[in-house]
Amino acid sequence: MRNAEFHCQLVRVRFPPVHLYVHVPLCERRCSYCDFSIAVRKRIPASDYVGTILKEADGTALSGLETIYLGGGTPSLLPANAIQRLLHELTERFRISHSAFPIEVTLEANPEDVTPTNARAWAAAGINRVSLGAQSFDDTVLKWMHRSHGAARIGAAMHALRGAGIENISLDLIFALPEELHRDWERDLDMALALRPNHLSLYGLTVEPRTPLDRWISRGATHAPDDDRYAEEYLFAHERLSVFGYQFYEVSNAALPGFRSRHNSAYWSGKPYVGLGPAAHSFDGTTRRWNVRAWEAYRRAIAEGRSAVESEETLTEDQKELEAIYLGLRTVEGLPLAALRRLPPPFAAQGWIEVSADRVKCTPEGWLRLDSLAMHTESQQ
Ligand code: SF4
């Protein structure tokens, strides 16, 4: 269903627009660095999955969608007709916010799933933004990561998406890889820029417990990511991307003008969101709830008519304030100066934060130290 076709479902809603995240936990294999909530399956239980999500949706009260984000896992492993049914049924139930039209509908996709046929079907189902898990343009690196695509698939995927009319494309890249891989970060960035995506998400490699990468490091088969390399590659990306007209509007995300992710921006501005699926989080502005992580446990709970919520936390006023500071500092807009009771001295002196008449924001060097800045702020409360 295209956005134009969504039009027939528009309703005037009095609630603020809602951002809906749907977690698709299915993957064909586990990447070497990944600790996400996934279920590795050779055969994709698409009908079971969609039916379970819709059953959870039936017990969820909300109205007036502004964005839908199918994340994972690997949502692009779902057959196109399952994606179409999912989006159709979700928009039937939750409706689309009149003020938010056209809504943003994102699909996370792995390059190997993007064929011209799939891309056309996704566009017909209403997908108007694709976040492509490129990670690197170096086949050796992709193999080390246990990715199932080769570098050549990335350009072919973008071509197929554009051919289907999906112009709003984001590429994910991972930086700060172990030195022994001899990954050429400049080359990878230039390969990405040559494809002219509207948006880039850059993530530094982290070592999560119990991942293959963690085990390789424990037995000395590879090295942990290096802090200096992390800083060097992060700052290099800022320089290179700004030359090509991209703005880092958040610590890990850069976009051409007009192509910021509306869905992710809602998280960073503290807006309410609703999550469906295993491990999905929801937030109403005060209370955060999250579902059980494992697909089978989630599926069983929903099938038995039980809540899939594993736990929840209600933020105190102080916690809300701290969270707003942390989220604000992640973005290029920063914070109103008045939100910080005192500027942490080392950060101001080192040029890690910039202060204008009434706002304070991180420089790229400051973003490298965001956690430390947030801790300083916390100690002042
Ligand atoms: S495709 Fe994504 S979610 Fe699946 S294993 Fe790889 S990194 Fe994790």
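**Notebook: a helix pair, a ligand shell and a pocket**

I looked up helix α7 (residues 185–194) and helix α9 (residues 227–243) and found that their axes come within 11 Å and cross at roughly 35°. Axes here are lines fitted to C-alpha atoms over the stretch in contact, with angles from 0 to 180 degrees between N-to-C directions. Helices are DSSP runs of H or I with at least four residues, strands are E runs of at least two, and both are numbered from the N terminus.

I noted that the model is predicted: local features need pLDDT of at least 70, side-chain atom pairs count only at pLDDT 80 or more, and totals for chains, interfaces and linings use all residues. Residues are numbered from 1 along each chain as its sequence is written, and side-chain values use heavy atoms, without hydrogens and water.

From α7 come W185, E186, L189, D190 and L193, and from α9 come E233, F236, A237, R240 and L241. I sorted this contact into six nonpolar, no polar and four charged residues. Ala, Val, Leu, Ile, Met, Phe, Trp, Tyr, Cys and Pro count as nonpolar, Asp, Glu, Lys and Arg as charged, and the others, Gly among them, as polar.

Then I turned to the ligand. The residues around the ligand (a heavy atom within 4 Å) include C27, R29, Y33, N110 and R147. I counted six nonpolar, three polar and three charged residues in this shell.

Last, I checked the lining of the second largest pocket by class: 15 nonpolar, nine polar and five charged residues.

Note on methods:
Contact = heavy atoms within 4.5 Å.
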